[in-house]
Amino acid sequence: CLNIPACIPSERLCSTEDCIPGTGTYLRHGYIFASLAGYVLRKNEGEELPVISVVRETEAQLLPDVGAIVTCKVTSINPRFAKVHILYVGSTPLKDRFRGTIRREDVRATEKDKVETYKSFRPGDIVLAKVISLGDVQSNYLLTTAENELGVVVAHSEAGAQMVPISWCEMQCPRTHAKEFRKVARVQPEYLQA
């Protein structure tokens, strides 16, 4: 589906020769008009012509794009990659669940051959990553943490406490003082949320 710019009520969108009217639109004199302020969506739904509809900003689907910084939660790890669910694009929460993969070679920029996934991430960790390629319905988005600002931002120890970063590769439990390996993000102020 193709997202095009925002529109306002009574704005003429197109001719009925080009599209079929959908939700948030009305017909008048052979043209389709917006009946509300929002975003214009054109979808091919098996018809000869695409269906044009208008959705409010909160209903518009934001998609992770190449180069976007995303916040994700690690769901599983194996020696080759970490699987994640993408929760936010920038500071915007996603309504739909998108899956991502951080491959071993995309964990950090240096000594890629020495990366051990289980020393970088654990299931449940919250990670800042960058999208490096788009997924489709069957596959995942490919993500990287190979920048200083990217990596684990929130992790809990085995004792259940939120750990504190002590270096770029270790976090410590404030309760037990046990140290665990992580690929720690040097978080920039704009990504810190109270």
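This is a predicted model: local features need pLDDT of at least 70, side-chain atom pairs count only at pLDDT 80 or more; totals for chains, interfaces and linings use all residues.
**Stop 1: D125 and its partner**

Which kind of link joins R182 and D125? The two form a salt bridge, and their closest N and O atoms are 2.6 Å apart. Now trace the chain from one residue to the other. The pair links distant parts of the chain: D125 sits in the loop between β10 (92-103) and β11 (126-133), while R182 belongs to the segment after β16 (179-181), 57 residues apart. Is R182 buried or exposed? R182 is buried, with a relative accessible area of 2%.

**Stop 2: E111 and two partners**

Select E111 together with R108 and K114. The side chains of E111 and R108 meet in a salt bridge, at 3.7 Å from N to O. E111 also forms a salt bridge with K114, where the closest N and O atoms are 3.7 Å apart.

R108 counts as buried, because its relative accessibility is 16% and the cut-off for buried is under 20%. E111 is partly exposed, with a relative accessible area of 44%. K114 is exposed, at 54%. How many salt bridges are there by this rule? The count comes to 10.

**Stop 3: T145**

Now go to T145, which lies in the loop between β12 (141-144) and β13 (151-154). Is T145 buried or exposed? Its relative accessible area is 0%, so T145 is buried. To see what is around T145, leave aside its neighbours within four places in sequence and show the residues in contact with it: I102, D106, V107, F121, V127, L128, A129, L150, G151 and K183.

**Stop 4**

Switch to a cartoon view and select β2, β5 and β4. They make up an open sheet of three strands in the order β2-β5-β4, with antiparallel pairing. β2 and β4 stand at the edges, each with a single partner strand, so one side of each is left without a neighbour in the sheet. From one strand to the next, the twist averages 30°.

As background, strands of a sheet pair through backbone hydrogen bonds, either parallel or antiparallel.

Zoom in on the pairings. β2 (residues 12-15) and β5 (residues 31-34) pair over three bridges in the antiparallel sense. β4 (residues 25-28) pairs with β5 over four bridges, also in the antiparallel sense.

Select F33 in β5: which residues are its bridge partners? F33 is the bridge partner of R12, and F33 is also the bridge partner of Y26. Then pick Y31 in β5, the bridge partner of R28. Finally, look at the hairpin of β4 and β5, which has two residues between the strands; there, H29 takes a positive phi near 55°.

**Stop 5: the sheet of β14, β15 and β16**

Select β14, β15 and β16. What is the order of the strands in this open sheet of three? The order is β14-β15-β16, with antiparallel pairing. The edge strands are β14 (164-167) and β16, and each pairs on one side only. Here the twist averages 35° from one strand to the next.

Look closely at β14 and β15 (residues 170-172), which pair in the antiparallel sense over three bridges.

**Last stop: the whole chain**

Clear your selection and show everything. How many helices and strands does the protein chain have? There are zero helices and 16 strands. Of the 194 residues in the chain, buried residues make up 36%. Among contacts between residues at least 6 apart in sequence, 50% join residues at least 24 apart. With the surface back on, you are looking at an accessible area of about 11,500 Å², of which 51% belongs to carbon and sulfur atoms.

Notes: Residues are numbered from 1 along each chain as its sequence is written. Side-chain values use heavy atoms; hydrogens and water are left out. Buried means under 20% relative accessible area, exposed over 50%, partly exposed in between (1.4 Å probe, protein chains only). Contact means heavy atoms within 4.5 Å. Accessible areas come from the Shrake-Rupley method with a 1.4 Å probe; for residues, only the protein chains shown count as cover. Two strands pair if DSSP finds at least two bridges between them. Axes are lines fitted to C-alpha atoms, for helices over the stretch in contact, and angles run from 0 to 180 degrees between N-to-C directions. A salt bridge is a side-chain nitrogen of Lys or Arg within 4 Å of a carboxyl oxygen of Asp or Glu.
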